[in-house]
Amino acid sequence: MERFLGLDSPIMRALSMVADLVILNLLWLICCIPVVTIGASTTAMYTVALKLAKGQDGYVFKRFMKAFKLNFKQATIIHLIVCAFAAILGLDYYIYKNGGLIPKPMLILITAVGIAGIIFASWVYPILAQFDNSIKNTIKNAFAMAIVHFPVTIVIVVLNLVSPAIFLFFTGFFVRWMILWILAGGSAIAYLNAFALNMCFKRYIPKEILEKEKEDAVDFDVN
C-alpha cells in the first residue's frame with residue numbers, strides 16, 4: 001500500500017499535479033476578470049506551467065502572484081496591442097458579414113493577419129514568462145520563434161484553439177462540461193504546451209542557467 005499511496009508514488013504525484021493545475025487555472029481565471037489583466041494573468045500562468053513541466057511542482061500561488069506582478073506592465077501593453085488588432089479585424093469581419101464591400105484581396109489579407117495574430121498570441125506570453133526582455137524584442141522574438149519552430153507552432157496553436165472550437169461548434173457539449181474547463185481547462189492546455197515550449201526555449205537559455213534550474217528543482221523536491 002505504501003508503494004501506491006506514499007508521497008512519492010506515481011498516484012500521489014499525479015494527484016498533486018492535478019491539484020496544482022486546478023489552483024493555477026482558478027488563479028488565472030480570477031486574475032483575468034478585469035479583462036485588461038488577461039495578458040499578465042496568462043503570462044503568470046505560463047511562468048508556473050513551464051516550471052511544472054520541468055518537474056518543479058509546488059508553490060503555485062506564490063509563483064503565480066510573483067510573476068503576475070513582475071510582468072504586469074509589459075504583459076498589459078502587449079495585451080492591449082493584441083486587443084487593438086483583434087478589434088480592427090473583428091470590425092472588418094463584421095462589415096463583411098453584413099454585406100459590406102470588401103475586396104477579395106483585402107479579405108485574404110485580413111484572414112492572413114488574423115492567423116498571424118493567433119500565432120503571435122500563442123508565443124508571446126510564454127516568451128514573456130521565460131525571458132527578461134524589452135517589449136520590442138519580445139514581440140520580435142515571438143514572430144521569429146514561431147517561424148523557426150514552426151512544427152511546435154502548429155501544435156500549440158491547435159491546442160489553444162481546442163476550447164474556442166468546441167464552444168463555437170459544440171456549444172451544448174461545452175456548457176455541459178464547462179466545470180472541467182473552469183477547474184483546469186486553461187492550465188491543462190498551458191501545461192501541455194509547456195513541454196514543447198521548454199524544448200524550444202532550451203536552445204536560447206545559457207547552459208549555466210539550465211544547470212542552476214536543475215539544482216533548484218532537486219532542492220525543491222527535497223524540501
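**Figure 1. Phe120 is in contact with Ile78, Val82, Ile139, Ala142 and Phe143, leaving aside its neighbours within four places in sequence.** Contact means that heavy atoms lie within 4.5 Å. The model is predicted: local features need a pLDDT of at least 70, side-chain atom pairs count only at pLDDT 80 or more, and totals for chains, interfaces and linings use all residues. Residues are numbered from 1 along each chain as its sequence is written, and side-chain values use heavy atoms, with hydrogens and water left out. Phe120 is found in helix H6; helices (H or I, at least four residues) and strands (E, at least two) are DSSP runs, numbered from the N terminus. Phe120 has a relative accessible area of 8% and is therefore buried, a term for values under 20%, whereas exposed means over 50% and partly exposed lies in between (1.4 Å probe, protein chains only). In space, the C-alpha atoms of Phe120 and Lys140 are 9.6 Å apart, although 20 residues separate the two in sequence.

**Figure 2. The side chains of Trp123 and Thr153 are joined by a polar contact of 2.9 Å.** A polar contact is a pair of N or O atoms within 3.5 Å; within protein, one must be able to donate a hydrogen and the other to accept it, and residues adjacent in sequence count only if both atoms are side-chain atoms. Trp123 belongs to helix H6, and Thr153 to helix H8. Trp123 counts as buried because its relative accessibility is 0%. Thr153 is also buried, since its relative accessible area is 2%. Beyond four places in sequence, Trp123 is in contact with residues including Ala142, His149, Val152, Ile156, Leu197, Cys200 and Phe201. Under the same exclusion of residues up to four places away, Thr153 touches Ile119, Trp123, Met145 and Ala146. Trp123 and Met145 are 22 residues apart in sequence, and their C-alpha atoms are 7.8 Å apart.

**Figure 3. Helix H4 (60-70) has a buried side and an exposed side.** Val60, Arg63, Phe64, Ala67 and Phe68 are the buried residues of H4. Why do they lie on the same side of H4? They do so because they cover an arc of only 130° around the axis. The arc is taken from the directions that run from the helix axis to the C-beta atoms. An α-helix has 3.6 residues a turn, so residues three or four places apart point the same way. On the other side of H4, the exposed residues are Phe61, Lys62, Lys66, Lys69 and Leu70.

**Figure 4. The largest pocket holds about 1,400 Å³ of space.** On a 1 Å grid over the protein atoms alone, a pocket is an open set of points where a 1.4 Å probe fits, with protein on both sides within 12 Å along at least five of seven lines; lining residues have an atom within 4 Å of a point. The volume is the space filled by probe spheres set on the points, which are joined across faces, edges and corners. Of the 41 lining residues, Val82, Gly117, Ile118, Ala121 and Leu161 lie nearest the centre of the largest pocket. H6 gives the most to this lining, with 13 residues. By class, the lining has 31 nonpolar, 10 polar and no charged residues. Ala, Val, Leu, Ile, Met, Phe, Trp, Tyr, Cys and Pro count as nonpolar, Asp, Glu, Lys and Arg as charged, and the others, Gly among them, as polar.

**Figure 5. The second largest pocket holds about 580 Å³ of space.** Thr47, Lys51, Lys66, Leu70 and Ala129 are the closest to its centre among the 19 residues that line it. At least two lining residues come from each of H3, H4, H5 and H6, and H4 gives the most, with 5 residues. The lining has 7 nonpolar, 4 polar and 8 charged residues.

**Figure 6. Val35 has a positive phi of about 70° although it is not a glycine.** Most residues other than glycine have a negative phi. Val35 lies in the loop between helix H2 (10-32) and helix H3 (38-53).

**Figure 7. Thr76, in helix H5, is in contact with Val36 and Ala40, leaving aside neighbours within four places in sequence.** Thr76 counts as buried because its relative accessibility is 11%. For the protein as a whole, the secondary structure comes to 11 helices and 0 strands, and buried residues make up 37% of its 223 residues.
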